[in-house]
Amino acid sequence: MKLVLVRHGQSEWNLSNQFTGWEDVKLSENGVNEATKAGQLLKETGIQFDVLFTSVLQRAIKTGHIILEETGQLWIPEVKSWRLNERHYGALQGLNKKETAEKYGDEKVHQWRRSYDVLPPLLENDDERSPKNDRRYAHLQKKVIPQGENLKTTLERVIPFWEDQIAPAILDHKTVLVAAHGNSLRALIKYLEQISDDDIMGVEIPTGVPLVYDLDEDLSVTDKYFLK
């Protein structure tokens with residue numbers, strides 16, 4: 001059984017070196033090209049997908065759509081969920097990473113970005129950037145909408161979606177494509193490969209490069225490889 005994970009192509013804020021998180025930023029021109037190449041690589045493998053899972057952020061949605069268009073599979077069902085969103089960077093969202101490091105120090109910013117369980121500065125409820133003001137999350141209880149996350153809290157919302165939606169699809173012998181984000185995918189990878197809290201922070205996921213998993217009937221990983 002196959003599971004393919006793809007981090008969205010480069011976004012406009014990746015390009016400008018800004019903290020993005022839940023901000024709904026478009027793909028850059030290079031990001032579109034990365035997604036197109038990912039689709040072409042997957043087409044060459046002949047993998048036939050049965051379902052696409054993605055976040056509710058356009059950079060991931062469009063990456064998934066471009067891949068499916070390139071492979072001639074744009075017609076397959078898709079499921080969007082906030083649980084596959086990028087980690088919420090709290091009050092850092094929109095800030096330039098270099099300028100933030102100059103203000104707070106490299107060590108503090110590195111801790112916010114790379115520690116497993118250290119939270120960034122949180123958004124205030126009345127901050128216009130708060131997802132509580134975004135109608136795509138209006139169906140959620142206010143208490144589950146984050147004002148900032150680390151990888152630990154990101155994993156805590158991603159894994160229930162894996163258990164409720166993605167894993168059952170795979171166990172039903174569906175071939176699954178997940179187009180999501182660096183940290184939501186890092187959470188899935190940590191869970192799938194049973195990677196330690198310390199080691200997962202060193203795992204890098206390149207934009208627009210398909211990561212293919214072969215899984216057995218217990219959903220244990222039997223093989224993994226990047227398509228390049």
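The expected span of a helix is 1.5 Å times one less than its number of residues. I needed that for helix H7, residues 182-193, in what is a predicted model.

**Helix H7.** I looked up the length first. The twelve residues of H7 should span 16 Å at 1.5 Å a residue, and the C-alpha atoms at its ends lie 16 Å apart, so the two agree.

Next I checked burial, taking under 20% relative accessible area as buried. Ten of the twelve residues pass, so H7 is largely enclosed by the rest of the structure. I noted the buried ones as Gly182, Asn183, Ser184, Leu185, Arg186, Ala187, Leu188, Ile189, Lys190 and Leu192. After the helix comes Gln194, and I read its phi as positive, near 55 degrees.

I traced six strands in an open sheet with mixed pairing, ordered S3-S2-S4-S1-S5-S6. Strand S3 (78-80) and strand S6 (221-226) are the edges, each pairing on one side only. From one strand to the next I have an average twist of 15 degrees.

S1 (residues 2-7) and S5 (residues 211-215) run antiparallel and are joined by four bridges. In this pair I found Val4 opposite Val212 of S5.

**Helix H6.** I also looked up what H6 (residues 151-171) touches as it packs on the sheet: S1, S2 (51-54), S3, S4 (176-180) and S5. The direction of H6 makes about 160 degrees with that of S2.

Terms used:
Residues numbered from 1 in each chain as written. Predicted model: local features only at pLDDT ≥ 70, side-chain atom pairs only at ≥ 80, totals over all residues. Heavy atoms only, no water. Pairing = 2+ DSSP bridges. Helix = DSSP H or I, 4+ residues; strand = E, 2+ residues; numbered from the N terminus. Axes fitted to C-alpha atoms, helices over the stretch in contact; angles between N-to-C directions. Contact = heavy atoms within 4.5 Å. Buried < 20%, exposed > 50% of the residue type's maximum accessible area, 1.4 Å probe, protein only.
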